[in-house]
Amino acid sequence: MTTRFLPTEWRDYALLDSGHGKRLERFGELTLVRPDPFALWKPSGDPRAWARADATFEPTGRTQGKWRSAPGTPNRWPLRYRSEALDLTFGLEMTKFKHVGLFPEQADNWEFLAANLKPGDKFLNLFAYTGGASLAARQVGADVIHCDAIRQVVDWTRTNMERSGLDGIRWVVEDALKFARREAKRGNTYQGIVLDPPTWGLGPKGEKWKLEDQLIDLIDVVASLVAPGGFVVMNTYSGIPPSALETMWSLALPDAAIEAGELCLRAQAGHDLSTGSMVRVTRNA
Ligand SMILES: C[S@@+](CC[C@H](N)C(=O)[O-])C[C@H]1O[C@@H](n2cnc3c(N)ncnc32)[C@H](O)[C@@H]1O
């Protein structure tokens, strides 16, 4: 069986069911239906649960769409993540890109960070979005740099940091590859680095990010930023197989131990839903 990285500590989020190209998920007080290209089977839960959802995302184009919500459904609401190691609170919002400001499968990485970072360790989150990994690293005392190209997304993360009772994250609104190159030039290294590069994106000065063109440069420069004994967690939602990520990282860091697999969500109704490919790369001390 392929290695599956699965979050196991969620209390306030659940993948209730999946199938027919959709997921049925509970995010705290709201139940949502969202499209998912890998939910290729038939749903196996109670069909009435789908009909009772508070909101359903309906695509209007390739990347955007609209939410159809039951009357009185809030557009913004809070969600808490509690485990033995972490207690984080996120503000969620129904966006026109089908996302709600949180990728729940990433909770498995948050636990990995909590288990592998110590107070004072340097941690870098590239393509950091609303900052789940930044918050988890900060909560266990790491010195955190959070880099994303979009100012509004960074502001959203700042609110998540405050809701979680944290402070002291350093914000960098910049093209991730540019920032990583600058850090390499300065000779900086990190105990932990997380990166989740999208298929395409834009830096704040219009720098074009295209995964297939720049991935190998990004991996090479990030590899040079990993301290001895440090680690990289990289995932992608872009369809690159785990074995390809493993090959690229084994070439970039031949002395590293690598775990590769799929980042998944386990549905209450039984199936594992793959959300993307992932590697965890740990350098020898
Ligand atoms: C798939 S999301 C990452 C989700 C994240 N792993 C999480 O768990 O919250 C990709 C992020 O990359 C950012 N981004 C896109 N192009 C970028 C670039 N050139 N430099 C830095 N960030 C970029 C987007 O603003 C977005 O927040």
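**Strand pairing, core and helix packing in the predicted model**

Strand 2 and strand 3 (residues 22–27) run antiparallel and are joined by 6 bridges, strands here being DSSP runs of E of at least two residues and helices DSSP runs of H or I of at least four residues, both numbered from the N terminus. Two strands are taken to pair if DSSP finds at least two bridges between them. The structure is a predicted model, in which local features need pLDDT of at least 70 and side-chain atom pairs count only at pLDDT 80 or more, whereas totals for chains, interfaces and linings use all residues. Residues are numbered from 1 along each chain as its sequence is written.

R23, which lies in strand 3, is buried, with 22 other C-beta atoms within 10 Å; a residue counts as buried if 20 or more other C-beta atoms lie within 10 Å of its own, as exposed if 12 or fewer do, and as partly exposed in between, with C-beta atoms placed from the backbone. Leaving out residues up to four places away in sequence, R23 touches L15, S18, R34, D36, A39 and L273, a contact requiring that the C-beta atoms of two residues, placed from the backbone, lie within 7 Å. R23 and D36 are 13 residues apart in sequence, and their C-alpha atoms are 6.2 Å apart in space.

Strand 3 is also joined to strand 4 (residues 30–35), again in the antiparallel sense and by 6 bridges, with R26 opposite T31. The hairpin of strand 3 and strand 4 has 2 residues between the strands, and G28 takes a positive phi near 60° there. Strand 4 in turn pairs with strand 5 (residues 55–59) in the parallel sense over 2 bridges, and the bridge partner of V33 in strand 5 is T56. These strands belong to an open sheet of 5 strands with mixed pairing and the order 2-3-4-5-6. Its edges are formed by strand 2 (13–19) and strand 6 (65–69), each of which pairs on one side only. The twist from one strand to the next averages 20°, where angles run from 0 to 180 degrees between N-to-C directions and axes are lines fitted to C-alpha atoms, for helices over the stretch in contact.

A further open sheet has 8 strands in the order 1-16-17-15-12-9-10-11, likewise with mixed pairing. Strand 1 (4–5) and strand 11 (170–173) stand at its edges with a single partner strand each, so that one side of each is left without a neighbour in the sheet. Strand 15 (residues 226–236) and strand 17 (residues 272–283) are antiparallel and share 6 bridges, T236 having S277 as its bridge partner in strand 17.

The largest nonpolar core has 74 residues, and those with the most contacts inside it are L126, A137, A180, I193, V222 and V232; such a core is a set of buried Ala, Val, Leu, Ile, Met, Phe, Trp, Tyr and Cys residues joined through C-beta atoms within 7 Å. Helix 6 (residues 211–223) gives the most to this core, with 6 residues. Apart from neighbours within four places in sequence, A137 is in contact with L113, L117, F123, A142, V144 and G192.

The axes of helix 5 (residues 176–186) and helix 6 come within 9 Å and cross at roughly 30°. The crossing is left-handed, a term that applies if the near helix is turned anticlockwise from the far one by less than a right angle, clockwise turning being right-handed. L177, A180, R181 and A184 of helix 5 meet Q214, D217, L218, V221 and V222 of helix 6. The residues of this contact divide into 6 nonpolar, 1 polar and 2 charged, with Ala, Val, Leu, Ile, Met, Phe, Trp, Tyr, Cys and Pro counted as nonpolar, Asp, Glu, Lys and Arg as charged, and the others, Gly among them, as polar.

Most residues other than glycine have a negative phi. K98, although not a glycine, has a positive phi of about 75°; K98 is found in the loop between strand 8 (87–93) and helix 2 (107–116) and is partly exposed, with 18 C-beta neighbours inside 10 Å. F127, also not a glycine, has a positive phi of about 60° and lies in the loop between strand 9 and helix 3 (132–139), where F127 is partly exposed with 19 other C-beta atoms within 10 Å.
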